[in-house]
Amino acid sequence: MSHNTFSVGRLRCHLLETGLQHLDGGAMFGVVPKALWERRIAPDPKNRIPLALRCLLVEHDDGLVLVDTGIGDKDDAKFREIYGVDNLAADGRTRLEHALEELGYGSADVRWVVNTHLHFDHAGGDTRRAPSGEVLPAFARARYVVQRGDLEFARHTNERTAGSYLAANFDGIDFQLLEGEAEVLPWIRCLPTPGHVPFHQSVLIESGGERACFLADLVPTAAHLPLPWIMGYDLEPLVTLETRRRLYARAEAEAWRLCFEHDPVVASGRLVREGKGFGLVDTVAAA
Ligand SMILES: [Zn+2]
């Protein structure tokens, strides 16, 4: 099984396991001392930690909605080695394709692709390389959605940001561009959650009084729940802090199911206050 399924009101949702990447544990935990973070996620001999590439699939009246697309398969061996990418099945296809197939779907069934932002580990599967070498949208019948600000940011990189925004993942896609909070479809709302990058967004599913939020890089793993446990990759860590503070207040009050894109063990859970900090209840393990 490479998915787990839950419902939010009338909507069936699936968290799809599309593989792993391995990133430096120090970079993933920013200013948090290793003596603390290594108890939560153990590093390998190269100090790297495993990180899931989990996507959200929503069965909607309008067709399938896919939130983020993993890393895809366009990159060369050197890239895959550096980032410890392990996202292909034995037959050479991506685990995302397999996860969709397991649910009885193919890429043509996906009608909406919502990107939280255009970093390669979130939008790498947006496109694929055809046998001719041409790069094409991987979901031919889908409308792709992202914040206008993130597409601009992705197209105008500097020495710090260029490594994560790879043009092959977004050039040639005719995005529907959002400006701030937006209900892209009934029951599916994009929430600006800046900090990791300035125009990062999370996706809130709300139906029948229930809510689930795909946090993406606002809180990449459950180990990052403490407010100051912020990635070294974040461009605006103090903005991340305040974004989290606001979101946690709503998540706790409304009992949101929080979905973690990169946690190798915990797929989702509900936020509760534990003393001065936060914890999770009702957790669901990675499939
Ligand atoms: Zn990420």
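The residues lining the largest pocket divide into eight nonpolar, eight polar and three charged. Here Ala, Val, Leu, Ile, Met, Phe, Trp, Tyr, Cys and Pro count as nonpolar, Asp, Glu, Lys and Arg as charged, and the others, Gly among them, as polar. This is a predicted model: local features need pLDDT of at least 70, side-chain atom pairs count only at pLDDT 80 or more, and totals for chains, interfaces and linings use all residues. Residues are numbered from 1 along each chain as its sequence is written, and side-chain values use heavy atoms, with hydrogens and water left out.

A pocket is an open set of points on a 1 Å grid over the protein atoms alone, where a 1.4 Å probe fits, with protein on both sides within 12 Å along at least five of seven lines; lining residues have an atom within 4 Å of a point. The largest pocket holds about 320 Å³ of space. That volume is the space filled by probe spheres set on the points, which are joined across faces, edges and corners. Its lining has 19 residues, and His 119, Phe 120, Ser 164, His 196 and Tyr 233 lie nearest the centre. Strand S2 (11–24) and helix H5 (120–123) each supply at least two lining residues. H5 gives the most, with three. Helices (H or I, at least four residues) and strands (E, at least two) are DSSP runs, numbered from the N terminus.

The second largest pocket has a volume of about 270 Å³. It is lined by 20 residues, with Asp 73, Thr 94, Glu 97, Arg 128 and Ala 138 nearest its centre. Five are nonpolar, ten polar and five charged. Helix H4 (95–102) gives the most to this lining, with four residues.

Now the sheet. Seven strands form an open sheet in the order S1-S2-S3-S4-S5-S8-S9, with mixed pairing. Two strands pair if DSSP finds at least two bridges between them. At the edges sit S1 (3–8) and S9 (176–178), each pairing on one side only. Neighbouring strands are turned by 25° against each other on average, direction ignored. Axes are lines fitted to C-alpha atoms, for helices over the stretch in contact, and angles run from 0 to 180 degrees between N-to-C directions.

S8 (143–147) and S9 run parallel, joined by three bridges. Val 146 has Leu 177 in S9 as its bridge partner. H4 packs on the sheet, touching S1, S2, S3, S4 and S5; contact means heavy atoms within 4.5 Å. The direction of H4 makes about 160° with that of S2. Helix H6 (148–155) lies across S8 and S9, at about 85° to S8.
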